[in-house]
Amino acid sequence: MADIIKLLPDHVANQIAAGEVVQRPSSVVKELLENAIDAGATSIKLIVKEGGKNLIQVIDDGIGMSATDARLSFERHATSKIQKAEDLFNLNTKGFRGEALASIAAIAHVEMQTKPEQEEMATHLRIEGSEIKFQEVCIAPKGTSLSVKNLFFNIPARRNFLKSNQVEQRHIIDEFHRVALAHPGISFNFYNNGSELFNLPRTKQRQRIVHIFGSKTNEKLVPVNEETKVVRISGFINKPKFAKKSRGEQFFFVNNRFIKSPYLHHAVLSAFEGLIKSDSYPGYFLYLNVDPGSIDINIHPTKTEVKFDDEHTLYAILRSTVKHSLGQFNVIPALDFEQNQNLETPYDYKDRGALQPKVSVDSRFNPFLEVSQSSVGARTFKKQSTEGWKNLYVGLDSKVGKEDGFSSVKIESDTITGSIFEGQQESLETLATTFQLRRKYIVTTIKSGMVVIDQSRAHQRILYEQFLKNITVNEAVSQQLLFPLSLSFSNSDIDVLKEIKDSLTTIGFMFSKVDAEEVKITGVPLMIAESEVGMVLDQLISDFQMEVTEDSFSQTDVLAKTLAKTLSVKTGEVLNNASQIALVNDLFACKETMVSPFNKPVYVTITENDIDKKFI
Ligand code: ADP
Ligand code: MG
């Protein structure tokens, strides 16, 4: 038989490798930023156009490359960062595989200008699909500029697979956050579609966080500091009262590299136990420094996972360190960082000993108060929301000229109510008693047997349809706020908020200002308690960041779904009898009753027949 095995040509091998290294534009951003950092840059510019599909450019003032190195840097396994296998165990750089530039050049149009400090002339090089188009000498400042255009130009399938510009842009912003947070000592400028999205001067950790996430962040932060033989931990956790329903501001950095670690995340969560509600997440920015020899960052191609030699010890240290910081903060509430006007002053752990005797302990402070207060909040909210549904029905009815809300909506869903009530004219209002099972299900009888309704999903369905109607008929009821609410968001969150502002207005939000400094809210939908507004907007922003929402239809849909999810009654909540009956009535007045907005079954019916069979 003839020999059939051939070595793949380099450009094909590179394209295959690119599949692993470059998943989307944000992967390119990460690699280029990391290269700039490895090159010792003190100032880095990132320029992005159209979600990175058309242009990603990184300009640094690092060490640059000689003409030969510039050319070599695009070869696979070409790296200046390791020379022998042992080097792998003592890594202080971001990159080490020598794969990134080769991979990127295989699937895009790349242009590089680079000059080491001591050389007079710079090298200008263009490479497209692994093919060098030209290389010439040019004039350029010290450092490297690398631009990547037309990503995936030669792999249409991958290019088509990319999400909308907005979604890709959000991934890029996420990546940028991670790199910028890990390196407060480097200044960053980020230009997006021609306008400056971030201008981050060189600074310290705390101020970098504040620059990225907005000035209101400062008051949320509690410092964390610990030094042991195994690990040095620094950074900040958010005060428990700022915990969010959505995940997002959770950052671990190990040796200045962003990592994901469900295990360490759990350690932090467990330190917050009892201080935050079980369905919310604390924000944190934690910087861990360990001996590079004690970790393996090689287990994941995109390098966001790390394997630690002694994970259990790390878990225990992290948990107790966070607990300790929370304890300090709870016991000494007068040491509030709102009073710390000067952002420049880093919070100094050692100095605090001297200050302590002067600190007056707030005797009214009770760490458990916060928890009970918020649960009271939830209770009143629930009541409000029940009234809310009715009010909204009333609002709609007056429009269609019916005097009774329920009957008017019922007409539209006749077929569905028919199917469950088997054509019986059994009025919904005269339903038999309802019963709540394990704070989770509402059980009620129908002619043919019984229905078991998932309370949370049913409420989601009701709210979802309600919000959709509100948006389409534009009849939302809004409650004016006596004192406008002032909230602050990060630049990228503001972008999202601006995008969805019109839709939010249709459901009853009123904004008097939406910009980087401040978001001012003068009215909120009737169904949302004032105290819940921040949480609801956070959830909306984080959901929109993950969804493709170019057309207004899908935007409306995401909006309605998120609000339904956030505001619905949850499993575990006790519903009184009136609320139970209202829930059942409202559910069966919906257009679709069988599934929740997230396509989960809402109820099951158990017929007399089913029950009879059990008794045979
Ligand atoms: P790695 O970073 O894993 O070494 P890359 O493909 O990202 O691999 O880069 C290859 C080499 O090119 C690097 O090792 C470095 O020597 C050089 N290089 C890449 N980007 C820069 C830059 N911005 N400044 C200086 N040198 C760079
Ligand atoms: Mg690299």
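**Helix packing and the ligand site**

In this predicted model, 18 residues surround ligand 1, and the closest are Asn35, Thr79, Ser80, Lys81 and Gly98.

Q: What makes the pairing of Asn35 with ligand 1 a polar contact?
A: A polar side-chain atom of Asn35 lies 2.8 Å from an oxygen atom of ligand 1. The cut-off is a pair of N or O atoms within 3.5 Å, so the pair qualifies.

Q: How do you know that Ala100 and ligand 1 make a polar contact?
A: A polar backbone atom of Ala100 is 3.3 Å from an oxygen atom of ligand 1. The limit is 3.5 Å, so this pair counts.

Q: Which part of Leu101 approaches an oxygen atom of ligand 1?
A: The backbone does: an N or O atom there lies 2.9 Å from the ligand oxygen.

Q: Why is α2 called roughly parallel to α6?
A: The axes of α2 (residues 25-38) and α6 cross at roughly 25° and come within 8 Å. Angles under 35 degrees count as roughly parallel, so α2 is roughly parallel to α6. The crossing is right-handed.

Q: Which residues make the contact of α2 with α6?
A: From α2 come Pro25, Ser26, Val29, Lys30, Leu33 and Ile37. From α6 come Glu168, His171, Ile172, Glu175, Phe176 and Val179. By class, seven are nonpolar, two polar and three charged.

Q: What does α6 bring to its contact with α7?
A: His177, Ala180 and Leu181 of α6 meet Arg208, Ile209, Ile212 and Phe213 of α7. Five of these residues are nonpolar, one is polar and one is charged.

Q: What makes α15 roughly perpendicular to α16?
A: The axes of α15 (residues 491-506) and α16 (residues 533-546) come within 10 Å and cross at roughly 100°. The range for roughly perpendicular is 65 to 115 degrees, so α15 and α16 fall inside it.

Q: Which residues of α15 and α16 meet?
A: Ser492, Asp493, Val496, Leu497, Ile500 and Leu504 are the α15 side. Leu537, Leu540, Ile541, Phe544 and Gln545 are the α16 side. The contact divides into eight nonpolar, two polar and one charged.

Conventions:
Residues are numbered from 1 along each chain as its sequence is written. Chains are lettered from A and ligands numbered from 1 in the order in which they are written. This is a predicted model: local features need pLDDT of at least 70, side-chain atom pairs count only at pLDDT 80 or more; totals for chains, interfaces and linings use all residues. Side-chain values use heavy atoms; hydrogens and water are left out. Contact means heavy atoms within 4.5 Å. Helices (H or I, at least four residues) and strands (E, at least two) are DSSP runs, numbered from the N terminus. Ala, Val, Leu, Ile, Met, Phe, Trp, Tyr, Cys and Pro count as nonpolar, Asp, Glu, Lys and Arg as charged, and the others, Gly among them, as polar. A residue is near a molecule or strand if one of its heavy atoms lies within 4 Å of it. A polar contact is a pair of N or O atoms within 3.5 Å; within protein, one must be able to donate a hydrogen and the other to accept it, and residues adjacent in sequence count only if both atoms are side-chain atoms. Axes are lines fitted to C-alpha atoms, for helices over the stretch in contact, and angles run from 0 to 180 degrees between N-to-C directions. Angles under 35 degrees count as roughly parallel, over 145 as roughly antiparallel, 65 to 115 as roughly perpendicular and the rest as oblique. A crossing is left-handed if the near helix is turned anticlockwise from the far one by less than a right angle, and right-handed if clockwise.
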